[in-house]
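Reader: Could you show me the structure, and then take my questions about it one at a time?

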Amino acid sequence: MNISEDKYSFLLRFISWREKHIKDKQFILLLSFVVGIFTALAACLLKYLVDYIKHFLTENFNPMGVNWLYLVYPVIGIFITGLFIRKVVRDDISHGVTKILYAISRKQSRIKRHNVWSSLFASAFTIGFGGSVGAEAPMVLTGSAIGSNLGSLFRMDHKTLMLLVGCGAAGAISGIFKAPIAGLVFTLEVLMIDLTMASLLPLLITCVTAASVSYLLTGSEAMFQFHLDYPFTLERIPYAIGLGIFCGLVAWYFTRAMNWIENIFRRYSNPYVKFVIGASMLSVLIFLFPPMYGEGYDTIELLLNGVSASDWNKVMNNSLFYGHGNLLILYLFLIILFKVFASSATNGGGGCGGIFAPSLFLGCIAGFIFSYVCNEFHIGNIYIPEKNFALMGMAGLMSGVMHAPLTGIFLIAELTGGYDLFLPLMIVSVCAYLTIIVFEPHSIYSMRLAKKGELLTHHKDKAVLTLMNVESIIETDFLKVHPSMDLGEVVKVISQSKRNIFPVVNANNTLVGIVVLDDIRNVIFRQELYHRYRVEDFMRIPKSCIIKTDSMEEVMRKFDEAGVWNLPVITEDGHYVGFVSKSKLLNTYRQVLVDFSAE
């Protein structure tokens, strides 16, 4: 027996021992604790790698001059990441949160093992070398992969795997941002994990554990330093509402523009063509707008802590705009306009990253521009604190882009310690969310799956149908007949069958009709007619056919329209597969609903 067989045998013995001595509920709590530790360690490693690479490459840059290496670093980063993904990982690891949503709804919450480490290193190279994306979405995928694979290792069921995937995502947010409440809320809002007593405690354990480990390793300070100089007053409520609407419109532009640019990249199948287009676009944009380099957290720190024009003008350091303080708002507005191109070019060209950081970055700038313009043009008779509104803009844009107002509120409050601005954070987040849903019903994460009917939601009926799939309810014990068979041959088939429906197929196994026993019941005992009638004489065309690739919502619609208890299943080219019965469909639906809703 070799070493791997020894390990496998030990694992089986441990699983058997665990099932006898530790109840599932207690073991799930233990697993959620372990997931919290591992996700926090992974989050801290990713932050360290990104900061180390960025500091190593840019520490000697002259802030008062143009740095031509901004044209080079992003190209190198995307090229290294692209090679790493194609030659080492050999799998698509982009759109991390979308992949988690797909795994939950279509893959029984099973995420590939390589996602435990592949997204972590790919995003570190991308962002460290200047890729204009965030590390959070790859970290969320890493955390979810840790939860999924840990659950799979101990043979946990589908429902528990879904919970552990949620724990991994929550732990990733908690660990990377030191924001346990935001981690919990993100899982409930974005990943659509239902909040029940069975799920709440494991999620809380993971979030608290991940945040605690992160505090131990990186200190107890909030991610961004923020000091409240101007407390919020009721007179500023209209301005908070205006900022929320503005953030909602910026989020709408960001979402639509990113989809449009991604569709352009999808037209090209050659990865080197994508690399040339993406790297060229990204390097030029970062050269012109250095704040787009990496996650952009330095710019956020500057706008949150700046108190005068001399502080804010530092945003233009390292750029062609250096020394032109009168162009600050134009410079920041151009960043809002082109940031989506930089982020899309990073991922489209072969890089790996998410939109968490770009959302925070753009929100901060949007809030600053809004307040600066209000003060500059004396809109109203009250001062609008730029740093406060920059903070509130972060919550607003995140709420709009992710369709997650609670995540935006709690994340920004925990990131900055800005709990004194909780009311305006709520106002801006809600207004931003209400603005974008007028134009875009789904978040940037979920719209790809929603178009395919593969999105799990809090709508119980739709969620249960999403968790089901056609293949699991197809019945194949229906005996086939051919159009040329006579009634006598059909009677022989009937005598061997336990069904009252018989699919009629030709020589190519293409479905051409069905024979229903009730239609021929009055003649099957008249032997003198056995050679007079053929199947093609008494078969009927089915009222509808289920395509094997149909979503369950489409299947239910076809049953409702046809008003029958059985429908044939065919492939897209018409080949017969089997039947789906409404009775089995409803039984399966009820079982999934019970599992999905159980405490």
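Predicted model: local features only at pLDDT ≥ 70, side-chain atom pairs only at ≥ 80, totals over all residues.

Author: Residues are numbered from 1 along each chain as its sequence is written, and side-chain values use heavy atoms, with hydrogens and water left out.

Reader: How far apart are the end C-alpha atoms of helix 11, and what should the helix span?

Author: Helices are DSSP runs of H or I with at least four residues, and strands are runs of E with at least two, numbered from the N terminus. The expected span is 1.5 Å times one less than the number of residues. Helix 11 has 18 residues (271–288) and should therefore span 26 Å, which agrees with the distance between its end C-alpha atoms, 26 Å.

Reader: Which helices do the buried residues of helix 11 pack against?

Author: Buried means under 20% relative accessible area, exposed over 50%, and partly exposed in between, with a 1.4 Å probe and protein chains only. In helix 11 the buried residues include F275, G278 and L282. With contact taken as heavy atoms within 4.5 Å, the buried residues of helix 11 pack against helix 3 (73–89), helix 10 (237–266) and helix 14 (328–348).

Reader: Which residue has its charged end over the ring of Y272?

Author: A charge sits over a ring if NZ of Lys or CZ of Arg is within 6 Å of the ring centre and within 35 degrees of the ring normal. Over the ring of Y272, 4.9 Å from its centre, sits the charged end of R86.

Reader: What kind of aromatic pair do F410 and F422 form?

Author: Rings of Phe, Tyr and Trp (its six-membered ring) pair if their centres lie within 6.5 Å; planes under 30 degrees apart count as stacked, over 60 as edge-to-face and the rest as tilted. The structure holds 27 aromatic pairs. In the pair of F410 and F422, the rings are 5.5 Å apart centre to centre with 65° between the planes, and the pair is edge-to-face.

Reader: Is N318 buried or exposed?

Author: N318 lies in the loop between helix 13 (309–312) and helix 14, and has a positive phi of about 70° although it is not a glycine. Its relative accessibility is 14%, so N318 counts as buried.

Reader: What is the relative accessible area of N509?

Author: N509 lies in the loop between strand 1 (501–505) and strand 2 (511–516), and its phi is positive, near 65°, in a residue other than glycine. N509 counts as partly exposed because its relative accessible area is 25%.
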